[in-house]
Amino acid sequence: MSSVAVLTPESFAEHRSGLKDQEMTDQAHQSLRHHPECTPSIPYIDVSLTVFHVPLEERRYKDNSQFGEGEEAKVCLDIMQRTGAHIELSLAKDQGLSIMVTGKLESVMKARKEIVARLQTQASATVAIPKEHHRFVIGKNGEKLQELELKTATKIAIPRPDDPSANIRITGTKEGIEKARHEILLISAEQDKRAVERLCLEKAFHPFIAGAHNRLVQELSQETGARISIPPPSLPRDEIVITGEKEAVALALSRIRAIYDDKKRKTTTISVEVKKSQHKYIIGPKGNTLQEILETTGVSVEMPPLDSGSETIILRGEPDKLGPALTQVYAKAKSVMVVEVTAPAWLHRFIIGKKGQNIGRITQQLPRVHIEFTDGEERISLEGPTAEVEQAQAQIQEIIKDLVSTHTLSQSVINRIKEQYKVSVRIPQDSERSGLVRIEGDPKGVQLARRELIEMVQRMENERTKDLIVEQKLHRSIIGQKGEKIKEVRDKFPEVIINFPDPSQKSDIVQLRGPKNEVEKCGKFLQKIIADLIENSFSLSVPIFKQFHKNIIGKGGANIKKIREETNTKIDLPTENSNSEMIVITGKKSNCEAARDRILSIQRELANIKEAEVAIPARLHNSLIGSKGCLVRSIMEDCSGVHIHFPSEGSGSDKVTIRGPVGEVEKAKKQLLQLAEEKQVNNFTAELQAKPEYHKFLIGRGGANIRRVRDKTGARIIFPSPDDTEQELITIVGKEEAVRQAQKELECLVKNLDDVVEDSMVVDVRHHRHFVCRRGQVLRELAEEYGGVAVSFPRTGANSQRVTLKGAKDCAEAAKKRIQEIVEDLESQVSVEVAIPQRYHRAIMGPKGCRIQLITREHEVQIKFPERDDSQEAPPQENGDVSPEAEFVAPKCDIITIAGRAEKCEPAKAALLALVPITEDVEVSYELHRYIIGQKGSGIRKMMEEYEVNIWVPQPEKQLDVIKVTGLVANMVRAKQGLLDRVKELQAEQADRALRSFKVILSVDPKFHPKIIGRKGAVISQIRKDHDVSIQFPDKGDEQQDAIVILGYERNVEEASQAIQQLVAEWQEMVSRDVHLDPRTHARIIGARGKAIRKLMEEFKVDIRFPQPGSDEPDKVAVTGLPEAVDNAIDHLLNLEEEYMLSVTETETLAAYMKPPSRYGGGGGAGVDDSSGGPAKGFVVLDAPWNAAGNKAPDMSSAEDFPTFGMGVAPKQASAWGPKKF
């Protein structure tokens, strides 16, 4: 070795030169190995060490001028800091790099992986293993894959489950790639030895196979060594999966079948009805109760799903054990009882009691009873053992009975009356049998409290309950999202209580309770809402071709949103995965029809769609549609892409609309008229039963078989759709003779299909993979197409060419013939290479490979793209001018391979070349570029998605007047035209913007600015709206405080300016005068919430300002307006003052009489001097009885010591002659 670089965070500076004494390093290591006791601080027992070599040609950094100081040193230091490992670098004579990593095992593995990735050049390779083995390479939660990557210091990329590729890509060093490839192939080879069996058994017998608490299946797994997976009860699947070694799987399979056969032979069932609310107690926590019944009696209890309305429970087991199991089921069902007690919501807190005293007594006495109060609802739920729940129910009902009798008048209302009017209110006990309520206190307070209580009683007597019948499906619409709509109703009618039934009750009754008049008004209001909902619930289905749904939605949902808003309808489109083409429109009938026309017009613009109308008598419509639409559906299936629309029943219209591609519309029209003629002349219908798996074979490839029967007999044969409940029912329609003949032909075919035979054929081993790959997709297609025929290929490695077919004779023969055709296709396949630059490959593939998938389906070929090579740059091609006869030799990364029949490869090749994009320049002024791009690129994204092209806008600093458009030739014309149209729109907007920028500065005294703005901006908003202008007022810090800026069209600006000047002129004519009004009358003049003063200002067209509280002149009121109006307003105010002052004087006189006598002022006696400010001199009583020991002076303010009679307190008198008159 020429030099050593030992890199640690502490000694990095010391070793920058890269030179270190080799002997010292070796001696130190020898010392550490032989004398570990000398280094107690370094526990070498826990340290792992690994050494590996990086050849010169694989080194990423090859500059050796300053070894230990360059990028390699920085990378190593970074890795050490991140992983905690210790790294030593050595440079060999051949300039290769030796690396030694020490530290904890986990740190060493992580450091090694990072060193290889960052210091060594990376290569890549692929390894192909069966797709079903990929999950074993990944391992549980990806642990196996992580372990493999650490172990081999590579990056392993496994294709996603939905990717058909079976290739696993490995990236790393050559040595690491070889190790990883070896490990992956070992995992795959191990899985080849394993077997998987899927056993479909009735779901009802799964509990017997699993056993109580899954003990039986666990024992089976331990005994056989196979892994057995039984779907949980909540999953509606009957497939049991067994995996493991072949012998173990076979043994487990036989044991499970034996259990199943035994239970099926011995067991029987009984059904019982149990209330749905009790089901959860039979199931028990996590299903434990069901498992206990199975364990003790050997009987399986089958419960209906919790979301279904069924109350039927099925018990399955041996007859002699069903009795004990049924007893246990009933016992568990009755072990817990749920009861609801009705109680007004306002009574709940009294039932609970202070700090829970009342309810606490019940729960302490009956601890197993759970009592739940629901806020805002008039019910209390009790749950627990039956006997205890009944006791708790009786106790709560007794409490409610007592409370209702004593709380007929709400206690909260009584407490409020007591506090508000300072009175005492006594409500008699129920035992007194008295309706007299006693109120004591100040006379005025007593009168007010009495009046409020009487009003409350009258209101309670006036209360009524009304039931509205509303379809339950409308309840959610009335309530609204998060209860928003019903909240508006409740706010509008706050005195009415609206109760909706629980959804589980399936009741249509909505209850209203409150004052009679309010209930009636609320009822009418709700009925109006319901009528609107019913009117808006009209529904219309519009058939639109699936490929146009995205155009109807528009960019970001713009189109569909616009149609919804303008037509006020709800429009629902099917999901992407759905095969349905129906768009459902909901709303008012007229609005739905308008939305339908808008949607259909979009489709007509996008495709060559023809619409034809056929006149067929309305009486024949139902018979032409057929049972569940089977007849009209058969015509639509026969004429692909056609939709037939019959008028609504009862409309009396004879017009039937046919919409679709031109040729198919004519074909459908002819068939429909022919069917109508048959219905009028002679109509006969027959039905035939056939297994659903036979249907495809009876129809034949492309409908060949069924077409032959139709042509021969003249009858129409209709097969059920996937949505029909009767999947075995085939309907034959036509003349009786033709129907009988077609029925006979079909019965003969079905009979032949029922005769099961077993046949075999020879298929070359090299073609087997084509049939069994992709989880046997080809075999599944054969089974579906040829009446469920079972095709079995020999297992991998059996070296057998014999293929077995089992099924109906005709089906087996047809399947055999089809397999031979497939084999011939495989043997006659050729490969064609197409040279297309690598940079176009992604565009050719399309989103998620959709374009390539379309070509492979249409031309029945396989297309393989090369591995991407970023190191090679392909020569530039202009406008997709790509030809395989090019003079230069295309690199491998540009070669696309097409495999298939020779006659189909050439069209596929032409289709591929047609997908190569071209680029064209469009002249667009640089100033318009930012508008074309739009906010955050929204404008340009919309155009690219709409026209399916790529649009490149040059950088702003270049200031070029060109925009490049790249895309397919078919899309380029539309894209260029769309771009030019957008440019015209922007130019028009620029011109309009210039016209709108006319500006006028108006000078207005700042004191008028608040008036121009108006209250909450009302005046200025109206001016802006009327004249379509922008009006800006100066900010506080501006120099020109009188400048108002108006922007807009010249004419509009001038009109707005005139309007403002006219307002200012009117205000300049106004005068402001002060009037002095007694402050005691201000409140009366202003009125409740300013209502009176606002009315007065509107009447006299003036502005009236009252003084603020605490003002120096509290009686000064300012009146502003035109001189004549101000004078009239002042006169009116003075008249009001005079009127209100009479009332004020009278009130104060009465108040003076009502005041109690002064303690120190004389209650009479003219000689008392009231002029003195100080209190009257008192006197002292000595040696009074109450001063003796043990006695207490009486309380002068106590009602017990000094009771009062009648009014009690004498009115206070200012003098012997009564109050002074004003």
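These legends accompany close-up views of a predicted model.

**View 1. The largest nonpolar core.** This core holds 22 residues. Leu-201, Ile-209, Ile-228, Ile-240, Ile-242 and Ile-256 touch the most other members. Two or more residues come from each of β8 (194-200), α7, α8, β10 (239-245) and α9 (246-266). Helix α9 gives the most, with 7 residues. In soluble globular proteins, nonpolar side chains tend to be buried together.

**View 2. Asn-214, a residue with positive phi.** Asn-214 sits in the loop between α7 (206-210) and α8 (215-224). Its phi is near 60°, a positive value in a residue other than glycine. What is the relative accessibility of Asn-214? The value is 40%, so Asn-214 counts as partly exposed.

**View 3. Gln-959, another positive phi outside glycine.** Gln-959 is not a glycine, yet its phi is positive, at about 55°. The residue belongs to the loop between β38 (949-952) and β39 (962-967). Is Gln-959 buried or exposed? Its relative accessible area is 51%, and exposed means over 50%, so Gln-959 is exposed.

**View 4. A patch of negative charge on the surface.** Four residues gather here: Glu-687, Glu-693, Glu-726 and Glu-728. Glu-726 lies in the loop between β29 (716-718) and β30 (729-734). With a relative accessible area of 48%, Glu-726 is partly exposed. Why is Glu-726 not classed as exposed? That class needs over 50%, and Glu-726 has 48%, so the residue stays in the partly exposed class.

**View 5. The salt bridge between Asp-597 and Arg-596.** The structure holds 36 salt bridges, and several are shown in this and the following views. In the pair Asp-597 and Arg-596, the closest N and O atoms are 3.8 Å apart. The cut-off for a salt bridge is within 4 Å, so the pair qualifies. Asp-597 is partly exposed, with a relative accessible area of 42%. Arg-596 is also partly exposed, at 22% relative accessibility. Buried means under 20%, so Arg-596 does not count as buried.

**View 6. The salt bridge between Lys-904 and Glu-860.** The two side chains meet at 2.4 Å, N to O. Lys-904 lies in helix α34 (residues 902-914). Glu-860 lies in the loop between α33 (850-859) and β35 (862-864). The partners are 44 residues apart in sequence, so the bridge ties together separate parts of the chain. How exposed are the two partners? Lys-904 is partly exposed, with a relative accessible area of 26%. Glu-860 is exposed, with 53%.

**View 7. The salt bridge between Asp-1127 and Arg-1073.** Here the side chains meet at 2.0 Å, N to O. Which elements does the pair link? Asp-1127 belongs to helix α43 (residues 1123-1154), and Arg-1073 to strand β43 (residues 1071-1076). These are distant parts of the chain, with the two residues 54 apart. Asp-1127 counts as partly exposed at 32% relative accessibility. Arg-1073 is partly exposed too, with a relative accessible area of 34%.

**View 8. A salt-bridge network.** Asp-78, Arg-82 and Glu-114 form one network. Salt bridges that share partners join these residues.

Note on methods: Residues are numbered from 1 along each chain as its sequence is written. This is a predicted model: local features need pLDDT of at least 70, side-chain atom pairs count only at pLDDT 80 or more; totals for chains, interfaces and linings use all residues. Side-chain values use heavy atoms; hydrogens and water are left out. Patches are made of residues with over 30% relative accessible area and no salt bridge: like charges are joined within 9 Å, nonpolar side chains (Val, Leu, Ile, Met, Phe, Trp, Tyr) within 5 Å. Accessible areas come from the Shrake-Rupley method with a 1.4 Å probe; for residues, only the protein chains shown count as cover. Lys and Arg count as positive and Asp and Glu as negative; His and the chain ends are not counted. The place of a charge is taken as NZ of Lys, CZ of Arg, CG of Asp or CD of Glu. Helices (H or I, at least four residues) and strands (E, at least two) are DSSP runs, numbered from the N terminus. Buried means under 20% relative accessible area, exposed over 50%, partly exposed in between (1.4 Å probe, protein chains only). A nonpolar core is a set of buried Ala, Val, Leu, Ile, Met, Phe, Trp, Tyr and Cys residues joined through side-chain atoms within 4.5 Å.
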